[in-house]
Amino acid sequence: GVTTIAAGMISDVRTILTKGGDQMAFIKLADEGDTIEAVIFPKSFAEYRDILKPETCIALKGRLSNRNGELSLVAEALKAL
């Protein structure tokens, strides 16, 4: 649950529909050495959908989460770089 900031290039975007019919996304954020998955829930997805494209460089503020033994980010704010 620690708040952190990460920056990198989006290497993959996977959008899904929630049970309520809202769109959300899972992205892979990559830098020179590693990748991390980030979850963008529907409210944030609606706000930032325009920058959620592969090969877009972004800064992401979010909470660190340990899901299924792997670290991921739960996005709170995004910014194109």
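Predicted model: local features only at pLDDT ≥ 70, side-chain atom pairs only at ≥ 80, totals over all residues.
How much of the accessible surface of the protein belongs to carbon and sulfur atoms? The accessible surface comes to about 5,200 Å², and 51% of it belongs to carbon and sulfur atoms.

Next, switch to cartoon view. The protein has 1 helix and 5 strands. Followed along the sequence, their pattern is β-β-β-α-β-β. The radius of gyration is 12 Å, close to the 12 Å that the globule rule gives for 81 residues, so the protein is as compact as a globular protein of that length.

Show the C-alpha trace alone. Along its principal axes the trace spans about 35 × 25 × 20 Å.

Now select the charged side chains. There are 10 positive and 11 negative side chains in the protein. The centres of these two sets are 8 Å apart.

Colour by relative accessibility. Of the 81 residues, 32% count as buried. Then display contacts between residues at least 6 apart in sequence: 46% of these contacts join residues at least 24 apart.

Select residues 42-48, which make up helix α1. Within helix α1, pick Ser44. Is Ser44 buried or exposed? Ser44 has 13% relative accessibility and buried means under 20%, so Ser44 counts as buried.

Keep Ser44 selected and show its surroundings. Which residues does Ser44 contact, leaving aside its neighbours within four places in sequence? They are Ala75 and Glu76.

Technical notes. Residues numbered from 1 in each chain as written. Heavy atoms only, no water. Helix = DSSP H or I, 4+ residues; strand = E, 2+ residues; numbered from the N terminus. Rg over C-alpha atoms; globule rule 2.2 N^0.38 Å. Buried < 20%, exposed > 50% of the residue type's maximum accessible area, 1.4 Å probe, protein only. Contact = heavy atoms within 4.5 Å. Areas by Shrake-Rupley, 256 points an atom, 1.4 Å probe, with all protein chains shown as cover. Lys, Arg positive; Asp, Glu negative; His and termini not counted. Charge placed at Lys NZ, Arg CZ, Asp CG, Glu CD.
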